[in-house]
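Please look through the model shown here and keep it in view while you read the questions and answers that come after it.

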Amino acid sequence: MGDLFRGLSRLVLFWVLFMYFDPKQIEAEEKHYKWEVKYAFKAPDCYTKLAITINGLSPGPTIDARLGDTIVIELTNRLFLENVLIHWHGIRQYGTPWMDGTEGVTQCPILPGETFVYRYKLDRPGTYLYHGHYGLQKSDGLNGMIWVRLPKGKSEPYSYDVEQGILLTDWYHQTSSQQAVGLSSIPFAWVKEPQSILIQGKGKFNCSTPGIATALCNATSTDCVPYILTVEPGKTYRLRIGSLTSLSALSFEIEGYVEPFTVQNLYIYSGETYSVLIKADQEPSRNYWILTKVVSRNSTTPPGLAILNYAPTGITPPPSTPPQGPLWNDVASRVSQSKQFKALSGHFGAPPLKADRTIVFLNTQNLINGYVRWSINNISFRFPETPYLIAYKKKLAHTFDRSPPPSNYDSSAYDIFSVAKNVIATTRTGIFRLKFGSVIDIILQNANTMTPNNSETHPWHLHGHHFWVLGYGNGKFDMEKDPEKFNSVNPIMKNTVALHPYGWTAIRFVADNPGVWAFHCHIEYHFFLGMFTVFEEGIDRVEKLPDSIMGCVTPKRKKEDNY
């Protein structure tokens, strides 16, 4: 048998090798890109809809660079009536917090017809992502991948012959504007399940589905032929796999490639990336299925299919039936895989032994003034008119709530397994201020939604940092007993981590990146509905802000702007 997941026990190498290189000794380049963000009619799953593209592409161009390189992107907004921002997911933006590309947090949006120049440095190797971070534009196809290679002359501690990126996304036939209206209405109109799962921008919707506009669906379109990954027998391939789904947690697998890793599939959540190695050692006279399917939701969305093609075999469908994939509700399997990932011994330092501050975030679904919202500690986030980074540097304190959100919830009185009344839930714009250099523990606590016997998976993403994953657990976090179970010896570092149903996840990071940073659920519709918060740290260390980010600043009120 092959070994698709042979590389999984070494995944951490892609995240932590930066520890061994002195940036001053790295030969670096400046890489320039010129992008136009514009509408285009696309049919990646055979059904034509209005998408948001970069230079006409979705997914957008892959940024392929090396550690230490500076990326310069001249981005022009050609969307006519929509603002735009792009977030560079996983890039820490150390020294350039205004380039993080986050609505309401780090910069004003890029208006229609305007050009904005993103300029930032790549300070850690690995596989990263980029996507729209204004409204729900990620779901319209505004996304892509970032490859950060090791410096010239440096090599990985494993070998491979070829590398290939595979971006996984879910795809809706509604536009993000239609979705936003439904989510913000009374009665609430949920987006439901996606119509398709795309593998590297390719999917297949059933054009015979009753009730669809048949003129918009062409099953023979060349736009929706399956993605083909062609391999040569005997060669080893590095697959850089990323997920930028708007709703779906996914399982990914390749037919026939299951050993020696102890599971048959890779679970991947929105905002996560993995690198795996496969060796093309299967029977080369036939092709094999690549499958990704929705897990954690009882979804009606059909699996996404692609083809692993052995050259010189023709590009034909495999002779076998596609794999079934795991059960959607096998939570134990997903938690077990999350716990398996550890840092490779000798390749990374352990985290600080203890935290200076612990913040507990209870994840809940709420009804606030008749509107469905998502909240943490019964606070549903509301974006201010002036981004926080600008408000702090320009001393515009009147533009947001000055009191911080709660750092905990009443654990003894809250039943995470039942639908809560949430009578005190509200919306606010207050944020957390962290002492610069302090060690912060975040405990993410899941709970029941407003639907009985339902708790959803939440992939949480932290901007501006990579964090250690200390552990996962089932049920309610015990502040006295559960910290004893933390892995403080060899935890992995990530920027996005899953919070499983009715469970908890613990992470640790050092507040050592001056700026203002978002922390939110990476499900597009959850953070749109308030599952979002912000950390400020070392704001006095941030240099003068560029004028180019200032287009939406609220005028100053002298009497109210003292901190």
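The questions below concern a predicted model, and they go through a loop residue, the pockets, a strand residue and the nonpolar cores.

Q: Is R297 buried or exposed?
A: R297 lies in the loop between β16 (288-295) and β17 (304-310), and its place can be judged by the relative accessible area, for which buried means under 20%. The relative accessible area of R297 is 16%. Because that value is under the cut-off of 20%, R297 counts as buried.

Q: With which side chain does the side chain of R297 make a polar contact of 3.0 Å?
A: Leaving aside neighbours within four places in sequence, R297 is in contact with W190, E193, L247, W328 and E456. A polar contact of 3.3 Å joins the side chains of R297 and E456. The polar contact of 3.0 Å, in turn, is made by the side chain of R297 with the side chain of E193.

Q: How many charged residues are in the lining of the largest pocket?
A: The largest pocket has a volume of about 420 Å³, and 22 residues line it, the closest to its centre being R297, T449, N454, S455 and E456. Sorted by class, this lining of the largest pocket holds nine nonpolar residues, nine polar residues and, as the remaining class, charged residues numbering four.

Q: Which element gives the most to the lining of the second largest pocket?
A: The second largest pocket, with a volume of about 350 Å³, is lined by 17 residues, and S184, R373, F381, F528 and L529 lie nearest its centre. The elements that give two or more residues to this lining are β19 (371-376) and α5 (524-528). With three residues, the element that gives the most to the lining of the second largest pocket is β19.

Q: What distance separates the C-alpha atoms of I241 and Y274?
A: I241 is found in strand β12 (residues 236-243), and it is buried, with a relative accessible area of 0%. Leaving aside neighbours within four places in sequence, the residues in contact with I241 include F252, L266, T273 and Y274. Although I241 and Y274 are 33 residues apart along the chain, their C-alpha atoms are separated by 5.2 Å.

Q: How many residues does the largest nonpolar core have?
A: In soluble globular proteins, nonpolar side chains tend to be buried together. In this model, the residues with the most contacts inside the largest nonpolar core are L239, L308, F361, I442, F509, F519 and F535, and the number of residues in that core is 59.

Note on methods
Residues are numbered from 1 along each chain as its sequence is written. This is a predicted model: local features need pLDDT of at least 70, side-chain atom pairs count only at pLDDT 80 or more; totals for chains, interfaces and linings use all residues. Side-chain values use heavy atoms; hydrogens and water are left out. A nonpolar core is a set of buried Ala, Val, Leu, Ile, Met, Phe, Trp, Tyr and Cys residues joined through side-chain atoms within 4.5 Å. Buried means under 20% relative accessible area, exposed over 50%, partly exposed in between (1.4 Å probe, protein chains only). Helices (H or I, at least four residues) and strands (E, at least two) are DSSP runs, numbered from the N terminus. A polar contact is a pair of N or O atoms within 3.5 Å; within protein, one must be able to donate a hydrogen and the other to accept it, and residues adjacent in sequence count only if both atoms are side-chain atoms. Contact means heavy atoms within 4.5 Å. On a 1 Å grid over the protein atoms alone, a cavity is a set of points where a 1.4 Å probe fits but cannot get out, and a pocket is an open set with protein on both sides within 12 Å along at least five of seven lines; lining residues have an atom within 4 Å of a point. Grid points are joined across faces, edges and corners, and a volume is the space filled by probe spheres set on the points. Ala, Val, Leu, Ile, Met, Phe, Trp, Tyr, Cys and Pro count as nonpolar, Asp, Glu, Lys and Arg as charged, and the others, Gly among them, as polar.
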